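The sequence and structure come first.

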Amino acid sequence: MQDASAQLVDVRTTAEWAYVGLPDLKAAGKEPIRSEWQVFPAMKIDADFAAKLDAVLAERGVGKDAPLYFICRSGVRSKAAAIAMTNAGHVSCFNVAGGFEGPPDADGHRGRVAGWKVDGLPWIQT
């Protein structure tokens, strides 16, 4: 992230953060924003997603023109979240298309074909 105001928004669930891991942005002096697009365990879209994320961004002093990068497991939920935030007035919303774990491989396993982890980007498990 070259722009100091850029933010990575992880829209996966609390369970995914806990059991699969998180992007590690320490080298950039940042921490991803965790904001569930679908709330675990019901997996219903959070109707207040945009308002909640706007509040977090305001706390961080991030304006509506700052680049926002959205990530989920494979790039589907994050795309929907990026669209929602664009509709909420943010002008630079981007989807991390491969997601954190990427698509399933021929055996149905994620994390082997594409995505943040496979691309060798830093991540941690808490």
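This is a predicted model: local features need pLDDT of at least 70, side-chain atom pairs count only at pLDDT 80 or more; totals for chains, interfaces and linings use all residues.

- E1 runs parallel to strand E6 (residues 68-71), and four bridges join them.
- Within this pairing, Leu-8 stands opposite Tyr-69 in E6.
- E1 also runs parallel to strand E3 (residues 33-34), to which two bridges join it.
- Here Asp-10 is the residue opposite Arg-34 in E3.

**Aromatic pairs**

- Three aromatic pairs are found in a search of the whole structure.
- One of the pairs is Trp-37 with Phe-49, edge-to-face at 5.0 Å centre to centre and 80° between the planes.
- Because Trp-37 lies in the loop between E3 and strand E4 (38-39) and Phe-49 in helix H2 (residues 49-59), this pair ties together parts that are twelve residues apart in sequence.
- Both Trp-37 and Phe-49 are buried.
- Phe-100 and Trp-123 also pair edge-to-face, with 6.2 Å centre to centre and 90° between the planes.
- Phe-100 lies in the loop between strand E7 (93-95) and strand E8 (123-124), and Trp-123 in strand E8, so the pair ties together parts 23 residues apart in sequence.
- Phe-100 is buried, with a relative accessible area of 0%, whereas Trp-123 is partly exposed at 34%.

**Charges over rings**

- The charged end of Arg-12 sits over the ring of Phe-100, 4.3 Å from its centre.
- Over the ring of Trp-123 sits the charged end of Lys-117, 4.0 Å from the ring centre.

Note on methods: Residues are numbered from 1 along each chain as its sequence is written. Side-chain values use heavy atoms; hydrogens and water are left out. Two strands pair if DSSP finds at least two bridges between them. Rings of Phe, Tyr and Trp (its six-membered ring) pair if their centres lie within 6.5 Å; planes under 30 degrees apart count as stacked, over 60 as edge-to-face and the rest as tilted. Buried means under 20% relative accessible area, exposed over 50%, partly exposed in between (1.4 Å probe, protein chains only). A charge sits over a ring if NZ of Lys or CZ of Arg is within 6 Å of the ring centre and within 35 degrees of the ring normal.
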